[in-house]
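The following paragraphs lead through a structure, from whole chains down to individual residues. Please keep the sequence and the coordinates in view while reading.

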Amino acid sequence: MVLSYIVLGIWSFVVLFPLYWLLITSFKLPIHVNDGPVYLPFIDFKPSLHAWRYIFVDLRNDTLRPYANTVIVGLTSSVLSLALGTAASYALVRFEYQPRIGTILLFIGCMILAIVAITLGVPWQVAVVASIAVFLLLAQTIGKRFRRHLKNDDIAFWMISQRILPPVAVVIPIYILFQRLDLLDTRTALVITYVATNLPIVVWLMRDYFQSIPIELEECAAIDGASPYRIFWSIVVPLSVPGLVATFLFVLVFAWNEYLLALFLSSAHAQTLPLTVAAQNATRGPQWWYMSVLILIMIIPVIAMAIALERYIARGLLVGAIKG
Amino acid sequence: MQVTKSTQGPAQAEPGLESPVVVMGRSERMVAWLERVASASFLMPSVLVILFLSIFPLVVSLYLSLARLQFVKGGFKITFVGLANYRKLFVGSEKTHFLGVLADPSPLGWLVFVAVVAGLVLSLVRYARSEGASALGFFWRLVASVITGAGVWLLVRSLSPGGRPGTLVVTLIYVFGGVTIQYILGLVLALLCIQQIPGRRFFRVVFLLPMMITPVGIAYMFRMLTDFTKGPFTPIWRAFGLAETSWVNNPWTARAAVMIGDIWQWTPFMFIVLLAALESQPIEPIEAALVDGAGRWQIFRHITLPSVLPVSTTLILIRLIEAFKIIDLPNVLTNGGPGTATESLTLQAFMTWRTLDIGGSAAVAYMLLLVVTFVALVTVNIIRRRVVEAL
């Protein structure tokens, strides 16, 4: 018991001290930062609101617009990816899929043809429609000859593999893609990108939670005539709330903090807060005080969200009592 | 799109058994159709979204990695150069950057290398003599063993005295060092926080905080904290007579600084997912074990640990993949220095990219893709399968 508190206390200090430093730095004048460390407000130094005033009054439009963008893009994309990903991971646990390897290779081949056609100057709508038509034709004739097919695990691995390539490498193609679709510098582009990049994480995390739900419950419901949608929505989802909440927090944070893709896909209109933070590293060196304010206002909503949702990552009170 | 065309129907809930053969109205037919396509409708949206943003970028950057992209007046010009970008990394001008400076292994290095090779050979032999061994399975295990052996050889040679690790080895150090520490810390904290002790909600919320901060922000925050003249620990450094030195001058302290930042930020991820897993494990086995007089350690070893192992392998896989892409911390904290001591592969790709060598950057990124794919495949196929089977 005492040992628990010592460990918990030490780690709390490790976590909280940098945040405390951030907080007091946001109230410091540049002179208090540059002349060596001071620790306690009102005792070591006189707190000043100059940084907060600068961010919220002088830079009002440069702060509030990215703020709104971050909130909208973060929430929309994480709710969407949670919804899509949860359904997909449930399907991967309970249903069996057997896509044929031949069909998949054909599909990839047709897509490559479409890309080549687009780079050669064919309008993208025509190229996409044509390649899909070619694919459907071939799938009906050649595709059926292939016997080997993939399993659910392979689909899951394919999904997680989408996160492997570093964003630095894919950012130019994605830029070109959204340029062609006329979506550059819109929130839609960011939402689409974040949903696609966060889906695999949702799928992988939720798979394990679903696996731990006893199948008997679902079988009972199926015998009583419930549709798969009904089983999913009123049995499986309520039972996996802790996992859902943890996963939601994680994807939210991911979309909230994404930097590199936002840097490329947005300029003035859809800019998000991480770009604003990085922009404070001016030619005069990093402006610690402005940066602290920005980081603080950036983490406050997510922290509020975490506090609000934390209670759902717990089951009944009796459970812990027996374990302790 | 057609990936799951040959989908089988749902495993349970076969329609038709309980629905009597009557003439169905339009809405009923609609419902029946919805049930028939249920398995596809659960999965397809995600597959489509991921497809939309995966094939095109992958193909285009593969092509870019085989080409030289030059910006000319009014656009850019692409010249196909074959494998030149990759050759540069392995035998050309970028070799010391990517692979590092290789030295003859020290006695300790030899010992490690021989031990690893012996272990790999042993596991191969064991597989060949086991029941379900197949030629194809043996072949893939052989490939995996050879690649692992080559990786260890590279580690040993570039970490021996006289050698200098390249970005590949540095990234591996970040990934394996960081993820191990994060997992252990996360598990310990989750186990402590699941206890029914006063103030647990406070701890559970506090431990989540670092994950919430943007990586750029964390990088700047750690730069502030580790500053030797303005940071909060200045008096401590002074007391030890370290105020005039700088931790970024020594490669290993610089790497440690990057890793500490990474651990600080990502332990909460391990913590929250393990906590959720611990909270949703069934309570009955533990009660039964308590009745039978099992001790705390026994319960942890035989009940708690096995129940979180599947989630753990997923967690470790996700963190491995993410950790390979580390860029903000070394970029802001040390700018990759001293020299290239703290540079990760992604940072190398970014820096190459900034010098407008787009092809070279794509080549580095594809090498990273190969390494991560290998590590992820090994994790999924060998470790995860074994863990799940053992249950």
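What percentage of the 391 residues in chain B do buried residues make up? The share is 50%, where buried means under 20% relative accessible area, exposed means over 50% and partly exposed lies in between, with a 1.4 Å probe and protein chains only. This is a predicted model, in which local features need pLDDT of at least 70, side-chain atom pairs count only at pLDDT 80 or more, and totals for chains, interfaces and linings use all residues. Residues are numbered from 1 along each chain as its sequence is written, chains are lettered from A and ligands numbered from 1 in the order in which they are written, and side-chain values use heavy atoms, with hydrogens and water left out.

Chain A may be taken first. Its secondary structure consists of 16 helices and 2 strands, these being DSSP runs numbered from the N terminus, with helices (H or I) of at least four residues and strands (E) of at least two. Chain A is more spread out than a compact globule, because its radius of gyration is 25 Å, well over the 20 Å that the globule rule gives for 324 residues; the radius is taken over C-alpha atoms, and the rule is 2.2 Å times the number of residues to the power 0.38. Along the principal axes, the C-alpha atoms of chain A fill a box of roughly 80 × 65 × 30 Å. Of the 324 residues in this chain, 54% are buried. Among contacts in chain A with a separation of 6 or more, 74% join residues 24 or more positions apart, a contact being heavy atoms within 4.5 Å.

A pair of residues gives a sense of distance within chain A. G109(A) lies in helix α5 (residues 101-119) and is partly exposed, at 30% relative accessibility. Between G109(A) and I6(A) there are 103 residues in sequence and 59 Å in space, C-alpha to C-alpha.

Chain B contains 17 helices and 4 strands. Its C-alpha atoms fill a box of roughly 85 × 65 × 50 Å along the principal axes. In chain B, residues 24 or more positions apart provide 68% of the contacts with a separation of 6 or more.

Helix α9 (residues 200-208) of chain B is mostly covered, with 7 of its 9 residues buried. The buried set comprises R200(B), F203(B), R204(B), V205(B), V206(B), F207(B) and L208(B). These residues pack against elements of both chains: α1 (2-25), α12 (241-257) and α15 (288-310) of chain A, and α8 (167-193) and α12 (251-279) of chain B.

Apart from neighbours within four places in sequence, S361(B) is in contact with V168(A) and with A349(B), T352(B) and W353(B).

C193(B) is buried at 1% relative accessibility. How many disulfides are there over all chains? The count comes to 0, a disulfide being a pair of cysteine sulfur atoms within 2.5 Å.
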